[in-house]
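Here is a colleague's note for a first look at this structure. Please read the points in order, with the view open beside the text.

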Amino acid sequence: MLTTLRRASWLRAATLGIGLAGGAGLALAADPPKEEEVPFWAIGMPKGNTLAPVPSFPIPTPVDKLPVGKLKLPPGFKVEVWAGNILDARGLRLGDQGTVFVSSLFVAGKIYAVTDKGGKREVKTIAEKLFLPNGIEYYKGALYVATPKEITRYDNIEANLDHPPAPVLIYDKLTGEVPHGWKYIRVGPDGKLYVPVGAPCNICAIDDRHAQIRRINLDGTGEEMVALGVRNSVGFDFDPKTGDLWFTNNGRDWLSEDFPNDTLNHVSKSGNKHFGYPFCHQGNFADPEYGWGKNCADYAQPAQLMGAHVATLGMRFYTGTMFPAKYRGAMFIARHGSWNKSQKVGADVVVAWPDDKGGVAKVEPFLSGFIENNEYLGRPVDVMQMKDGSLLISDDHAGAIYRVSYTGS
Amino acid sequence: MTWSRGATVAAAALLAAAGAHAQPATDRFAPCASCHGEGGVSPNFETPSLAGQHSFYAITQLFLFRAGRRADEQMTKEAKAMSDDDLRAFSDIIGQLPPAAPFRPDPVDPARMTRGAALAAKHRCASCHGGDYSGEKQVPRLAGQREDYLGKALAEFKTGTRIGYTQAMNEALAGLAPSELPDLAHYLAHLGVVAPAPTR
């Protein structure tokens, strides 16, 4: 099936006259190369364009060089380095005994456990040589780890940080591709594990195993589709009042510098669960190729547009009491920062307040300052509330975790 | 060659201990130069030239050697002796080496150049490595690299014995036959040096 999709996609590129080669003054041979031969993100790249995903630097930024002094927050908030030298720090989850679990992606392929020893953070690698282990969740004593292919469980993990148990395979019905294959997983208030499967491409026709968010029982049984037409979600949370799922979604590339938007979406219990991909983007724009004959009003509408190419990732509803009362029930959302845009945007954390009608009332900046001279000083990936109500923010660019607290001064 | 590379291990370890970043650039490159050549122009079989290579690519490869994710006994030993600061220092030095003509390249074979150019165009090597194959950031310069090293690297990607963070290069070579790789290596090795580089 995938082979068919890729071939079809190549033919599309050929039809549109989109070429990626410099040409070297030679005629192309009659048979086109397989699509696997160009990186997936480059499909659809206009001729002569040189934008590319931001490469990952393999060494963390030294702690004394982290840009804490350049970061901006609303009045009364303070940011500090909570832990540094954590290469490729991505997903954040909190154990019952206070262990912070940190996932990573291409560069490190590790899962870390960070513990607080009298105000100093101790970092242990508890799993390594994993392939894109971005998705983690802690639930009832166990750590769940999702790669593009499968989900495993490490039981009684906090008591065994020095000698983690062998992982138990619970689910292997994921599609396994690298493009948009890395995961973000959460256990919902229904006790089920939510797992997305992204589209294996920038834009392509999809089958019934891609571009969706599923939920499964914790033993891997009972697979159900929760949301469809979701290009690539790498962040979601559950409204503590209603239990509803809210998720972020990354919009397609190469249409325009300014378009289409990433989105924040609300899956209501009775509403439309198809969010439009690949036919419609941001709820109101039919795809130039796949959108013909489609009416975007037929698809679930985004709760909020989040900006074009900003890479909206991890998010959390705030339930703590440390921050001023207006933040309770609001969503803190990490925007990783753009690559498919000449002037970098995002690389921040914003706050979105739900209205009482299932949508979003307003969005405000929260933590920013990670872009300097069109270069990244850091790229926020995930946000997580600590027991004291402070907020941790992971940064895979610098290999650091920041803590934001409210001091009122 | 094996002898000289072995000697380098000890030198690199000493250097790492002394703090590579505290010394002048030419001294700091000296342990690399014993295998990779003066100015990074390698005279040694299957040992890559580092001249004109990008620091981002260099540090990524040093990281992969150190992590045991790129197989080369000598380079892994050397990298394992390096701290993060050493990795930064060595890659910064490498990134400052200007591109240079290769060491005694084989004569140009026009028929192989034509075949290699057609392969490079058909398989869109330039889409990542640049129209003149000079690379950028984490993507290596290929133009003017040693032909035997290019052949070795291509074969390793083709057989899957070498992978990067992902299998992007392995997939990029999916449509090439092993028998086609030598012509591609011949073409890239002679670009910009004894044959004009194509323009973007």
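1. Start with a working term: two strands pair if DSSP finds at least two bridges between them. Strand β3 (residues 100-102) and strand β4 (residues 111-117) of chain A pair over three bridges, in the antiparallel sense. Within this pairing, A:F101 stands opposite A:A113 in β4(A). A:V102 has A:Y112 as its bridge partner in β4(A).

2. This is a predicted model. Its scores are ipTM 0.85 and pTM 0.89. For chain B the mean pLDDT is 87, and 84% of the residues reach 70 or more. Residues 1-20 of chain B have a pLDDT below 50. Beyond near neighbours in sequence, that stretch has 29 contacts in the model. Read those contacts together with the pLDDT of the stretch, which is below 50.

3. Back to chain A. β4(A) also pairs with strand β5 (residues 120-127), again in the antiparallel sense, over seven bridges. A:Y112 stands opposite A:T125 in β5(A). So what does A:Y112 face on each side? In β4(A), A:Y112 is the bridge partner of A:V102, and A:T125 of β5(A) stands opposite A:Y112 as well.

4. Look at the turn between these strands. The hairpin of β4(A) and β5(A) has two residues between the strands. There, A:G118 takes a positive phi near 55°.

5. Which order do the strands of chain A take here? The order is β2-β3-β4-β5, an open sheet of four strands with antiparallel pairing. β2 (92-94) and β5 of chain A stand at the edges with a single partner strand each, so each has one side without a neighbour in the sheet. From one strand to the next, the twist averages 25°.

6. Chain A has another open sheet of four strands, in the order β6-β7-β8-β9. Its pairing is antiparallel. Which strands stand at the edges? They are β6 (135-139) and β9 (168-171) of chain A; each has a single partner strand, so one side of each is left without a neighbour in the sheet. The twist averages 25° from one strand to the next.

7. Inside that sheet, take strand β7 (residues 142-146) and strand β8 (residues 151-154) of chain A. They pair in the antiparallel sense over four bridges. A:V145 stands opposite A:T152 in β8(A).

8. Turn to chain B. Its two parts are domain 1 (2-95) and domain 2 (110-190). How many residues does each bring to the contact? Domain 1 of chain B gives 14 residues and domain 2 of chain B gives 15 residues. On the domain 1 side, five residues are nonpolar, seven polar and two charged.

9. Finish with a helix pair in chain B. Helix α6 (residues 110-122) and helix α10 (residues 181-190) pack at an angle of about 95°, with their axes 7 Å apart. Angles of 65 to 115 degrees count as roughly perpendicular, and α6(B) and α10(B) are therefore roughly perpendicular to each other. By class, their contact has seven nonpolar, three polar and three charged residues. On α6(B), the residues that meet α10(B) include B:R112, B:M113 and B:L119. On α10(B), B:D183, B:Y187 and B:L188 are among those that meet α6(B).

Technical notes: Residues are numbered from 1 along each chain as its sequence is written. Chains are lettered from A and ligands numbered from 1 in the order in which they are written. This is a predicted model: local features need pLDDT of at least 70, side-chain atom pairs count only at pLDDT 80 or more; totals for chains, interfaces and linings use all residues. Domain bounds come from an automatic or database domain assignment. Two residues are in contact if their C-beta atoms, placed from the backbone, lie within 7 Å. Ala, Val, Leu, Ile, Met, Phe, Trp, Tyr, Cys and Pro count as nonpolar, Asp, Glu, Lys and Arg as charged, and the others, Gly among them, as polar. Axes are lines fitted to C-alpha atoms, for helices over the stretch in contact, and angles run from 0 to 180 degrees between N-to-C directions. Angles under 35 degrees count as roughly parallel, over 145 as roughly antiparallel, 65 to 115 as roughly perpendicular and the rest as oblique. pLDDT is the predictor's confidence in each residue, from 0 to 100.
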